[in-house]
Amino acid sequence: MKAGTRRETRGSRKVAIDARWCFVVFLITASLLSVGVQAAQKDLQKLTVGYTPISGAALPFFIAVEEKIFQKYGYEVFPVFMGGSPLINSAILAGEFPIGYTGGGAIISSRLGGSDLVAIASPLPVLTIDGWAKPEIKSIGDLRGKRVGVTRFGASSYFSALSMLESGGLKPSEVVFIQNGGVGESLAALIGGRVDVCMIGYPFGLNAKNAGFKLLFRPSQTEYGLFPTAVIAARESWLKDAKNRKVAVDFLRALGEGQLLARENATVTKRALKKFTRVDDDASLQGSFEFYKDAFPPTLRVIEKAMANALKFVDHPKAKQADVRQSFDNSFVDEAMKQ
């Protein structure tokens, strides 16, 4: 064998050996990275959170989940949809999960019934659930004797309906309330003719408009607009534990970042809304962003006046004597804002 050939053979063998070693190093590195990822995933604290509705009202939460903001604070959040705030509150009280994205009016009702639920934040302190009606209904006064669709009694859609009736001088007893279970189901009930007017939030409100229904009531443009449509709730007994308090504060830090994005970032907002609502029309998604961006305040603090407005619609013997300040605690938001 010639010297040149031998050198080429030795060189080829060296290249082959180097290649094998590189592959071995790659496998070891990949394995270590995989173990690291798995360890990091195991270190994430699992947290189930009940939420309602499937609409833009829950955008801060949707964004925090979709953009993995909760993971930054050490939590893997599992969102569970429940059709209405009363169902979420009952689940929290039953111990199914500790934190819920629910409605402020339902918190007050629950407390008047003897529970220890408390609102620790309010992502959306205004009513953004509109009343959409059949074209032949010209005014709120025309609803006397008609069917009004809501998600559930005690949910924010129900309180929005009560606001609508009050603004038109009608009593709740003068209409027939129909519970539909969810915002999508409410839209289906309106389209299917099972109700005459329905309380619907964005982006489903745009679908109602496109289907030829009339915007009868927009509470955000009236004196009835200030209302705790969305609050974060937990049990006071659960929050007393220092470890649980930390969970609540971390949760609010992540949610606050989601809220900021909901106010400022159309791309992120539309991506999250598309994922959770399954609405794929960009015009509807953009419309939802424009509709909600000014409704979400720069802070998550609960507004006392909004809770007081909710209290006046709660039908309970103790409502007139209730101190609404007992239904919320802003110390968690204040702590979350410190860092």
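Reader: What makes aspartate 323 and arginine 325 a salt bridge?

Author: Keep in mind that this is a predicted model. The side chains of the two meet at 3.1 Å, N to O. A salt bridge asks for that nitrogen to be within 4 Å of a carboxyl oxygen, so aspartate 323 and arginine 325 qualify.

Reader: Are those two residues buried or exposed?

Author: Arginine 325 has a relative accessible area of 51%, and exposed means over 50%, so arginine 325 is exposed. Aspartate 323, with 34%, is partly exposed.

Reader: Which residues are joined into a network by salt bridges that share partners?

Author: Those are Lys134, Arg147 and Asp196. The structure holds 18 salt bridges.

Reader: What does the salt bridge of arginine 218 and aspartate 130 tie together?

Author: Here the N to O distance is 2.8 Å. Arginine 218 sits in the loop between β9 and β10, while aspartate 130 belongs to strand β5, so the pair links parts that are 88 residues apart in sequence.

Reader: Why does arginine 218 count as buried?

Author: Its relative accessibility is 16%, and buried means under 20%, so arginine 218 counts as buried. Aspartate 130, at 0%, is buried too.

Reader: How do you know that serine 160 is buried, and what does it touch?

Author: Serine 160 has 0% relative accessibility, so it counts as buried. This residue of helix α6 touches Leu127, Ile129, Met199, Phe217 and Pro219, leaving aside residues up to four places away in sequence.

Reader: Why are α2 and α11 called roughly perpendicular?

Author: Their axes cross at roughly 95° and come within 9 Å. Angles of 65 to 115 degrees count as roughly perpendicular, so that is the term for α2 and α11. The residues of their contact divide into eight nonpolar, one polar and three charged.

Reader: Which residues have the most contacts inside the largest nonpolar core?

Author: They are Phe61, Phe70, Ile232, Phe251 and Leu252, in a core of 50 residues. Helix α10 gives the most to this core, with eight residues. Leucine 252 touches several residues, including Ile120, Ile232 and Phe332. There is also a second, separate core of 43 residues, which includes Ile88 and Val314.

Methods. Residues numbered from 1 in each chain as written. Predicted model: local features only at pLDDT ≥ 70, side-chain atom pairs only at ≥ 80, totals over all residues. Heavy atoms only, no water. Helix = DSSP H or I, 4+ residues; strand = E, 2+ residues; numbered from the N terminus. Buried < 20%, exposed > 50% of the residue type's maximum accessible area, 1.4 Å probe, protein only. Contact = heavy atoms within 4.5 Å. Axes fitted to C-alpha atoms, helices over the stretch in contact; angles between N-to-C directions. Parallel < 35°, antiparallel > 145°, perpendicular 65-115°, else oblique. Nonpolar A, V, L, I, M, F, W, Y, C, P; charged D, E, K, R; others polar. Core = buried A, V, L, I, M, F, W, Y, C linked by side-chain atoms within 4.5 Å.
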